[in-house]
2 protein chains.
Amino acid sequence: MDLKALAKANPDHWSKATAIRALTLDAVAAANSGHSGMPMGMADVATVLFEKHLKFDASAPNWPDRDRFILSAGHGSMLLYSLLHLVGDVQFPLEELKNFRQAGARTAGHPENFLADAIETTTGPLGQGLANSVGFAMAEEMQRAQYGRKVVDHYTYVIAGDGCLMEGVSQEAITLAGRHKLGKLIVMWDNNNITIDGTVELSDRTDQVSRFKSAGWQVLEIDGHNPEEIDAALTQAKKGSKPTMIACKTHIALGHAAQDTSKGHGALTDPEQLQAAKAAYGWTTGPFEIPADVKLAWEEIGKRGAAEHAEWQTRIEAISNTKRAQFERAYALDAPKKLSATIKAFKKQMSESAPKLATRASSEKVLEVVNPIMPETVGGSADLTGSNNTKTGDLGVFDVDNRKGRYVYWGIREHGMSSAMNGMVLHGGIRPYGGTFMCFTDYARPAMRLAALMQVPTVFVMTHDSIGLGEDGPTHQPVEHLAISRATPNTYVFRPADTIETAEAWEIALTSKSTPSVLSLTRQGLPTVRTEHKNKNLTAQGAYVLAEAVGKRQVILIATGSEVEVALKAREALQADGIGTRVVSMPCMELFAEQDEAYRRRVLPAGSAVRIGIEAAVRQGWDQWLLGERGRANKADFVGMDRFGASAPAEELFEKFGITAETVVAKAKVLL
Amino acid sequence: MDLKALAKANPDHWSKATAIRALTLDAVAAANSGHSGMPMGMADVATVLFEKHLKFDASAPNWPDRDRFILSAGHGSMLLYSLLHLVGDVQFPLEELKNFRQAGARTAGHPENFLADAIETTTGPLGQGLANSVGFAMAEEMQRAQYGRKVVDHYTYVIAGDGCLMEGVSQEAITLAGRHKLGKLIVMWDNNNITIDGTVELSDRTDQVSRFKSAGWQVLEIDGHNPEEIDAALTQAKKGSKPTMIACKTHIALGHAAQDTSKGHGALTDPEQLQAAKAAYGWTTGPFEIPADVKLAWEEIGKRGAAEHAEWQTRIEAISNTKRAQFERAYALDAPKKLSATIKAFKKQMSESAPKLATRASSEKVLEVVNPIMPETVGGSADLTGSNNTKTGDLGVFDVDNRKGRYVYWGIREHGMSSAMNGMVLHGGIRPYGGTFMCFTDYARPAMRLAALMQVPTVFVMTHDSIGLGEDGPTHQPVEHLAISRATPNTYVFRPADTIETAEAWEIALTSKSTPSVLSLTRQGLPTVRTEHKNKNLTAQGAYVLAEAVGKRQVILIATGSEVEVALKAREALQADGIGTRVVSMPCMELFAEQDEAYRRRVLPAGSAVRIGIEAAVRQGWDQWLLGERGRANKADFVGMDRFGASAPAEELFEKFGITAETVVAKAKVLL
């Protein structure tokens, strides 16, 4: 590249873009770690985007109607941090850049949404930002339909790299965006032809232009270092009803000795090469020094949206108080006041009628009373609507001609669905839930982890949660998936035993502000075990005594979900033999672990009682409730699965694998 | 559809295809469960494939040079079972079909490779079969290059549905196949425009033809009920150097009242509708009755390949004894005899030189001695070759012009890589290993589970296995991933402490015939802790006493991987204070659990010693080794992670999260 010609052609642009490149080189050198090449390659695109297109106000990074900027190629985090510093975001003083990748800094190795207001999402695991962006753009469409374009009218811009486009989730994302004509979604592909292992051709020769077109996108191809072409493409991208992909031909690590090589992807820290690159840019100031005029020009960009922001403020103040209150409530992730009363009334009715229902059907019943009072919920399923019981009558189907629809047919795309749901929460104003078979949490797993890490309360409705799935067999029968979700920090895993516990789990999930929830629900019918109505949400305590021992307590059975019924039957048999047996229902281990010790001791008292855990899943995660605690040992056993399931009718499988009251009774007697 | 016209146009074909449809209807009705529509829709395609193209010998389903037939749309399992019965596979008598989806039957809800020889792979989780098939086709290319086309020369045929094509992994698979010009891979897309939720358009409007072309495929479009078009397309598909996708326009549940509806996807059991469908086919025999002439015609098809098989047998007997022995050894998954001696010699050398190495680098050293003596190994990485240390000098790179290459640049496709590796093992003759960052086991997860379920010894090389990854931060730092793999049945999770244990882990992984291995390897350097050479593979016992207590044993420290060093330092400090401390290295919990109780008791004796587990990961899975056993309680604690990590230099993170010898010593003293 002839850098001098570039600089000469547009000196104002060049100096602004160079500021990004210089800050990147300096920060990576200071950290002796990081990824220099991507910010250096995409500096021109980002500069034009921020200068001429992105609607934002650096002094108000939470402005709800800002355009969203998502750095899907999260390893290039210094691009984002440089921009935020340059435009005057107060959370990104120079000190932050100097502390790049150091403990306590906002400038983490990859962008983390919970560290700074202007970081829209957490990226790094490739493809996730792109898949989030589909949710951002859907949320914008939904809210624009709901509140009008005076209140909601913004674009979602994404920078994605070759890695994002190779990950399978990108296909799920772009086909969803194309299907739903998310015309306000604009993806800028950093087409630099370099991955860590070498040139892209080593592993991929996809024609990305045709690929995106096949998914219903508008595709533009530009020189990613030509500001006029960038500007024209962004202008064009905003037109029409299709999402747009701009293929930006760039040079990774532009101007550095490592330009156009896979070495350029990583940390460029050699002092001489760094100086040579700066010299080639015509950049003469010291490390972390931005010429005052350049900084000023960038700060002007940061203020560009202030007037528009003020006008928006006037407009939102003009809408009805009710609408505005709802808008603000949803953005704050506050549940409506009447949710609590609604759940209580529902519980009362259900404990009286005591239906025998699969908990997936219980879940639908809960949603039938919740969705009408929570306009911010958006439901969906990865092509298992009838099985996941996720659709209620009032929602309407989200579609090109019905943006007010609150139900999404996600297709067979568990990963794309989950990532997009995370994006909806991050956008604000939406509380999404989505279903699939619990076994296919495997597909959704990268997004489920990020929900937990990002502290977003996405709800994963995972039905057919054990061998109770029956004939479809072991490929569809979860055995390790409860353990997997429970192993993940900041995740609530609910396995309700009946309709009442299902309602309680939903109440917690729908009021959570920073923790995702996994609802583990049965295919098969379960009796109502909570027939005595209590206003209190017992599930919120994680575990509680469902049935007390009669006589001396010799056995404590701890069970979840469909196995609570097994525990109750075993208790009957044991009591009939004069063995006092307590049954503890444990719908949420994480919440039980959060209770104070006094409560936990009341539910699971130390002593000589035999403990048996019952769950149609692997034992991993159970020993903390079964084995020794506080220096005392318990005689304990577990009834569950220690292998994969099998294809047969469900009742036969419970017999075959010994998850029965008879097994529980026999094990208890052995221990006694 | 005018069924009469179809029948009249080609009565021989029609009766054969109808046999599949009738058996499907009967089996699903008998099971009162299953998926009728797909086999009924694809019966014509499958009939032509089996009759005129598929190279197979029904009496020898394990013939190594057979064409592979993969039913990626696994819910349509009755298509496969019907075919296998019809062609005379002895494992599929009529009785099996009558027991469809019942306990103990080979005819599970979804095809399970371990239940019958002719079932090539386990499908059901959508997209997996298609992604496996890339590995099958790569294995064929590799072996054809290695042994010549007289011994290896076959096609891989796949039936995939809309669900397979919507899953992201399909994009990873088809771009890999296109990149590598896997010309002998032929995918028949069941283009029936129906998913469970409704028509495909509800969730997807992708132009699949352009999409596959953008990935470098030949695409043909046909009427999937016209035998001449099917035959011509299959003939054309076998030509040229590109993989081929045949878009077969079909009617789901052809001829049934539920034809062309999402209801047709499921179990069609209504007796009247079933009879009506059979009448429409002109099928007059009772349930499970095949007219003798039709069965005979099918059995002739089953014998069609016998002569070719015999000729092949002559050809393989003509190759050199050495080559043939190698071929057969690799297919039997037998390790070469000298592997054991090679590993022993390596261990001896390393225990003497005692290098300080990251275990990912130790792993590379092991591969350097193993790959030259195991021509069946195929290495690779999901674009992290230099970080995963998976490439050794002798492998060569697999490419269009180097089919003998044994290293695959998989690109940023963890899921596609893992599924393809499973396919390679299932094909036979190849022992694949592939690397990524351990955190991204999340992306590979659906394939890792299937490896365990399918009982294939794929090796997953997962490096950067803790907060030791450092500055890249929590998106890249696994904390729950050891627990996730350990929760999965039939999976060995190795977390070696040094070069010696790494070699031992590899030895087990490379000799395993039915269990996949996860190698959890560090980014950061570790000292050699096994400086005293032992021929015996101590890792095979799962855990062992690495350092014995001096004086009365008061503390047992149990650690894995990088935390063994922490344990040894803590032991030094405790011993200095006169506290006898044993250190147990536990590189593989699953293997330790498999040891007899006497051995386990020797390593972890019951008694009053305090136990502390140390692992830079979540505690889940540890309590079984720490808490009460055999009715005795242990004072126990755990030093590890109870939250996500952070972005900072690695050493600082171990301090920050308290994973240090100081913490261990302090906790031990509290418990004492």
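A polar contact, as counted in these legends, is a pair of N or O atoms within 3.5 Å, of which, within protein, one must be able to donate a hydrogen and the other to accept it. The model shown is predicted.

View 1. On the side of domain 2 of chain A that touches domain 3 of chain A, the elements giving two or more residues are α20 (481-487), β13 (492-494) and α21 (499-511) of chain A. Sorted by class, that side of domain 2 of chain A holds 14 nonpolar, 8 polar and 5 charged residues. The count of salt bridges between domain 2 of chain A and domain 3 of chain A is 2. A salt bridge also joins the side chains of A:Arg486 and A:Glu615, with an N to O distance of 2.8 Å.

View 2. The domain assignment divides chain A into domain 1 (3-310), domain 2 (332-527) and domain 3 (541-671). Taken over C-alpha atoms, the centres of domain 2 of chain A and domain 3 of chain A are separated by 26 Å, and the contact draws 27 residues from domain 2 of chain A and 33 residues from domain 3 of chain A. Between them these two domains of chain A bury about 2400 Å², with 59% of that area on carbon and sulfur atoms. Within domain 2 of chain A, the residues that lose the most area to domain 3 of chain A are A:Ile467, A:Val479 and A:Arg495, which together account for 29% of what that side buries.

**View 3. The two copies and their relation.**

**View 4. The interface of chain B and chain A.** Chain B and chain A each bring 91 residues to the contact, and the area buried between the two chains is about 7700 Å², of which 57% comes from carbon and sulfur atoms. Across this interface of chain B and chain A there are 10 salt bridges, and a salt bridge is formed by the side chains of B:Arg101 and A:Asp472, at 2.6 Å from N to O. Residue pairs in polar contact between chain B and chain A, both at pLDDT 80 or more, number 49. Several helices of chain B supply at least two residues each to the side that touches chain A, among them α7 (162-166), α8 (168-179) and α18 (414-427) of chain B. The most is given by α19(B), with 8 residues. By class, the side of chain B that touches chain A comprises 32 nonpolar, 34 polar and 25 charged residues.

**View 5. A salt bridge between two loops of chain A.** Over all chains, the whole structure contains 72 salt bridges. A:Arg66 forms a salt bridge with A:Glu120, in which the closest N and O atoms are 2.8 Å apart. Because A:Arg66 lies in the loop between α3 (37-53) and β1 (68-71) of chain A, and A:Glu120 in the loop between α5 (94-98) and α6 (128-147) of chain A, the pair ties together parts that are 54 residues apart in sequence.

Methods: Residues are numbered from 1 along each chain as its sequence is written. Chains are lettered from A and ligands numbered from 1 in the order in which they are written. This is a predicted model: local features need pLDDT of at least 70, side-chain atom pairs count only at pLDDT 80 or more; totals for chains, interfaces and linings use all residues. Side-chain values use heavy atoms; hydrogens and water are left out. Domain bounds come from an automatic or database domain assignment. Contact means heavy atoms within 4.5 Å. Buried area is the accessible area (1.4 Å probe) that two parts lose on being put together, summed over both. A salt bridge is a side-chain nitrogen of Lys or Arg within 4 Å of a carboxyl oxygen of Asp or Glu. Helices (H or I, at least four residues) and strands (E, at least two) are DSSP runs, numbered from the N terminus. Ala, Val, Leu, Ile, Met, Phe, Trp, Tyr, Cys and Pro count as nonpolar, Asp, Glu, Lys and Arg as charged, and the others, Gly among them, as polar. A polar contact is a pair of N or O atoms within 3.5 Å; within protein, one must be able to donate a hydrogen and the other to accept it, and residues adjacent in sequence count only if both atoms are side-chain atoms.
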